[in-house]
Amino acid sequence: MNQNVNKQALFNYVLALGDDAITMGHRLSEWCRNAPFLEEDLAIGNVALDFIGRAQMFYQYAAELDDQGRSEDDLAFLRDCRDFRNLLIYELPKGDFAFTMVRQMIVDLFNMEFLEQLTKSSDERLSAIAGKCIKESRYHLRRSHDWVLRLGDGTEESHERAQRALVDIWGYTPELFMVDESEQQLVQAGIAVDRAALMSVWDNRVGQILTEAKLQKPEDSWKVEGGRRGVHTEHLGHMLSELQFLQRAYPGLQW
Amino acid sequence: MTEFKMNEAELEKVFQKRIDDEQKIEPKDWMPEKYRKNLIRQISQHAHSEVIGMQPEGNWITRAPTLRRKMVLLAKVQDEGGHGLYLYSSAETLGISREEMVEALQTGAAKYASIFNYPTLTWADVGAIGWLVDGAAIVNQISLQRTSYGPYARAMVRVCKEESFHQRQGYESLMVLAFGNAEQKQMAQDALDRWWWPSLMMFGPHDADSAHSSQSMKWKIKRKSNDELRQSFVDQSVPQAEYLGLKIPDSNLKWNEERGHYDFGEIDWDEFLRVINGDGMCNRDRISHHVKVHNEGQWVRDAMRAYEEKKRARELKKSA
Ligand SMILES: [Fe+2]
Ligand SMILES: [Fe+2]
């Protein structure tokens with residue numbers, strides 16, 4: 001019985017990681033042909049590709065664990081909003097370039113810590129995926145860190161935009177460190193990462209980068225959560241209607 | 001004065017001899033002003049085409065039907081941007097800046113491939129562009145690998161490899177539709193119907209009507225004429241369409257045993273001119289999108305510059 005509970009919990013966990021990656025990849029891919037200059041179109045596209053590739057790896061694994069026999073694409077393209085389990089920060093619209101880069105720095109820092117712990121997972125598959133992704137995240141962070149410095153310490157306008165982005169995003173960051181019961185079981189089993197434990201390192205590093213970028217760390221005055229329970233912002237439904245359009249309009253076909 | 005003219009004429013003779021001997025012209029070599037201008041026009045137009053081409057295909061990145069297709073498409077659109085970058089740099093070796101080229105694009109002084117003024121309406125259009133548009137680009141660019149200007153020829157070698165990859169991927173994704181259900185097959189046929197003629201137009205006017213052709217051929221900026229290239233494209237595409245079980249929308253298309261080529265119908269030259277002159281379905285959208293993105297990015301580029309300056313000043317102060 002315990003085994004069964006664990007399998008469902010593991011499926012949910014892997015699925016959630018896939019959802020985190022696909023929503024982030026989708027938002028970044030929206031910059032392709034819309035970036036501030038051509039080199040940046042390509043660079044941001046690379047990061048988007050890494051996240052979509054990451055989604056594919058997690059969904060493949062989730063598909064293998066799935067009782068309903070769904071494929072990786074079924075998982076990405078045939079679930080509705082309430083079944084998506086991504087953390088809210090990933091689904092927020094791309095906003096301006098400052099919003100995109102401030103969010104990126106925040107999640108890249110988080111992912112560096114998270115993936116490093118995930119490489120130690122007792123689940124070999126997860127640890128192997130994490131091993132692949134961590135190199136990418138190191139590169140992502142180098143980029144987003146650089147951009148936050150340039151924007152925070154660039155012009156008055158860029159500083160203001162970066163500061164505003166930070167304020168708008170801040171209340172979505174506590175969710176990065178909230179662990180529910182099912183995840184807690186997996187933490188105890190040595191499979192999942194204890195995200196709550198990553199908070200202080202992350203907080204420290206963010207603080208350092210913000211100081212370096214001459215940005216003000218916002219007060220912890222508000223927070224929202226719900227992604228892991230399928231309670232999302234209104235933005236996700238629109239993202240899914242775009243992401244899933246073809247699979248929904250022409251069901252059951254090969255592409 | 002006379003002596004200067006003599007020198008110029010002599011230089012030009014030597015220059016032409018080098019071209020005739022298939023030697024590459026390099027950025028530091030002497031070249032006639034018209035050769036330089038002509039090349040800048042052609043290379044920058046080519047670069048702009050790569051960049052504007054990101055729009056119609058990029059239109060489907062967020063709607064691609066599977067994770068794999070999404071990654072393939074995103075990587076392809078990135079490649080096109082990369083082609084734009086190599087081409088802008090090879091044009092820069094001729095003494096024009098990227099800013100000047102971008103401005104010429106935005107004001108309409110420079111052109112880009114007219115095909116990108118047609119809309120991508122269905123997923124099949126993405127496959128059709130890969131197959132036909134990248135296919136037509138390859139036919140043209142293979143001949144340009146031997147173009148007389150060194151940096152352009154070398155850029156073409158790199159670009160061609162990626163374009164053939166794009167063409168195969170596009171054809172493969174269209175194949176899935178052509179061999180799919182009735183709706184998918186119809187989607188593929190409809191895409192071929194809409195993209196076929198604009199693809200033939202990519203090769204430009206008939207040789208007899210081509211303003212830049214003969215001088216470009218003499219200088220080996222172009223290596224094959226518009227009509228020759230168009231013919232090779234038709235010849236290669238007909239069997240590919242047959243394999244897909246799709247019908248090319250041309251009732252005059254017929255194998256000509258004597259010529260050893262396919263005969264085909266006449267392009268609608270009125271449409272060709274209309275779109276080239278800015279009145280196609282998407283001309284205004286393409287340019288206004290480019291301008292909008294460029295303007296929206298201004299504060300980012302400013303920030304980057306300001307940060308670099310501050311950083312340099314700090315380093316200077318430190319070392320002082
Ligand atoms: Fe290209
Ligand atoms: Fe291409």
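User: Where is the place of B:Lys220?

Analyst: B:Lys220 sits in the loop between α9 (213-218) and α10 (226-244) of chain B. Helices here are DSSP runs (H or I, at least four residues), numbered from the N terminus. This is a predicted model: local features need pLDDT of at least 70, side-chain atom pairs count only at pLDDT 80 or more, and totals for chains, interfaces and linings use all residues. Residues are numbered from 1 along each chain as its sequence is written, and side-chain values use heavy atoms, without hydrogens and water.

User: Why does B:Lys220 count as buried?

Analyst: Its relative accessibility is 15%. Buried means under 20% relative accessible area (1.4 Å probe, protein chains only). Therefore B:Lys220 counts as buried.

User: What makes the link between the side chains of B:Lys220 and B:Glu22 a polar contact?

Analyst: The distance is 2.8 Å. A polar contact is a pair of N or O atoms within 3.5 Å, one able to donate a hydrogen and the other to accept it. The 2.8 Å pair of B:Lys220 and B:Glu22 is such a contact.

User: Which residues does B:Lys220 touch, not counting those up to four places away in sequence?

Analyst: B:Ile19, B:Asp20, B:Glu22, B:Thr147 and B:Ser148. Contact means heavy atoms within 4.5 Å.

User: How many residues does each chain bring to the contact between chain A and chain B?

Analyst: Chain A brings 49 residues and chain B 48. Together the chains bury about 4,200 Å², 70% of it on carbon and sulfur atoms. Buried area is the accessible area (1.4 Å probe) lost on being put together, summed over both parts. A:Arg33, A:Leu38 and A:Trp255 supply 19% of the area that chain A buries against chain B, more than any other three residues.

Methods. Chains lettered and ligands numbered in written order. Helix = DSSP H or I, 4+ residues; strand = E, 2+ residues; numbered from the N terminus. Buried < 20%, exposed > 50% of the residue type's maximum accessible area, 1.4 Å probe, protein only. Buried area = accessible area lost by both parts, 1.4 Å probe.
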